[in-house]
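Let's take a friendly walk through this model, one region after another. Keep the sequence and the 3D view at hand as you read.

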Amino acid sequence: MFAAERRQLILEMVRANGAVSLRELARVVQTSEVTVRRDVRALEAEGLLDRRHGGAVLPGGFTRESGFPQKSHLATAEKTAIADVAAGLVEEGEAVVVGAGTTTQELARRLARVPGLTVVTNSLLVAQALAHANRVEVVMTGGTLRGSNYALVGSGAEQSLQGLRVSRAFLSGSGLTAERGLSTSNMLSASVDRALVQAAAEVVVLADHTKLGTDTMFQTVPTDVITRLVTDEPPAHDDRAGTELQALADQGVQITVAGGAGAAGGGEGMAGRRPRRESPLPVQRRGGPTAQLRSAGPLHEQQAERARVADLRRR
C-alpha cells in the first residue's frame, strides 16, 4: 500500500470512529506502528487529525462519540484484560453500579460468575450479559433509550438512582485526563454517569491507554472522586501516556495496570503480552499510606488485593 493510500485509510478510520489507537491503525493498514506514527504526524501537519497518547483523534481537541458498532471493534484485547482485573475487585454478595460502555459490557460478562451479586445499571448491554446469570440480581434504571450506546438516559434514569447506595461504581468514558478526570461527548450520558457516581462509595474507572490524555466535552467524574483506574499497559514508546498516569497517581488515584502491551486485534485476550511487571511510580493515597501502581497478577495476587480491601473496610 502506498503512503497516500495508507493515510487516506487512516483518515477515514479516524473520521468514522472519532479516536483510533496506533495499534489498531497498524493492524488495519498492515504495517508497523512506526510507519503509522509517521503517517499520523503527516496528517496532523495538514490539520486533518490530532495525535493523542498512542492514537489519533478528530481535530479540534474534543473527540466526538463513536457508535457502539465502531467501539466494539476497538482495543478489544485491552478491554478484555481490563475487565478481567476489574472483576477481581468484586466480592460475593456485593452491590455495585455498572455504567454503559463496551468495556463495562466485558466486565458484566465476568460478573455473571460472582454469586449473590446485585448490579444496578442503565445499560441494556450490561443487563443482557447478566440476564441468565445464576444468583445475580439486575436492577435497571428507568429513562429514555439512547440507541447509539444502548443506554437509558434522561431524568427518569437519574431519578431512579436517588437514595441508592452501593459499594462501588464501575464507569467508562470517552476520555480521561488528570486535569478534568473522566469525560464523555454526550450531555445526557454525562448526567446519568454523575448520578451513578453519587450512588457509590468508591468509583473505579475502566479506560484503555488510548483514552489517557483525551479530553471530551462533558466532565462526568472529577479526578479527586476517582478511587481507582484500571487500564492496560501503554506501548513502551508512549511517554505521554506514562506522564498522564503519573499525574493521576500524584492526585491520589490508585492505578492498576492490566498486563503488557499485547498484540493488536480482537479475540486474543492476554495472548502475546509481555510479562507483567511492577511499575515504579509512587502513589500517595488521599489520607492514606503510600502505595505503588500495581500490575494485575495471577489469582493469588487478586485474592490478596481482596483481603486488603476487606481489611480496610473493617478499619
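Strands here are DSSP runs of E with at least two residues, helices are runs of H or I with at least four residues, and both are numbered from the N terminus. Two strands count as paired if DSSP finds at least two bridges between them. Before going further, please note that this is a predicted model, in which local features need pLDDT of at least 70, side-chain atom pairs count only at pLDDT 80 or more, and totals for chains, interfaces and linings use all residues. Residues are numbered from 1 along each chain as its sequence is written, and side-chain values use heavy atoms, with hydrogens and water left out.

Back to the strands: β10 and β11 form a hairpin, with 3 residues between them. Within this pairing, Gly 175 has Ser 183 of β11 as its bridge partner. β11 also pairs with strand β13 (residues 218-221), again in the antiparallel sense and over 3 bridges. There, Ser 183 has Gln 219 of β13 as its bridge partner.

Which loop holds Thr 210? Thr 210 sits between β12 (200-206) and β13. Thr 210 is buried, because its relative accessible area is 18% and buried means under 20%, whereas exposed means over 50% and partly exposed lies in between (1.4 Å probe, protein chains only). The side chains of Thr 210 and Asp 208 are joined by a polar contact of 2.3 Å. Such a contact is a pair of N or O atoms within 3.5 Å; within protein, one must be able to donate a hydrogen and the other to accept it, and residues adjacent in sequence count only if both atoms are side-chain atoms.

Next, look at the backbone in two other loops. Most residues other than glycine have a negative phi. Gln 30, however, has a positive phi near 60°; Gln 30 is in the loop between α2 (22-29) and α3 (33-45) and counts as exposed because its relative accessibility is 74%. Tyr 150 has a positive phi near 55°. Tyr 150 lies between β7 (144-146) and β8 (151-153) and is partly exposed, at 35% relative accessibility.

Finally, turn to helix α6 (residues 102-111), where 9 of the 10 residues are buried, so the helix is largely enclosed by the rest of the structure. Among the buried residues are Thr 102, Glu 106 and Arg 110.
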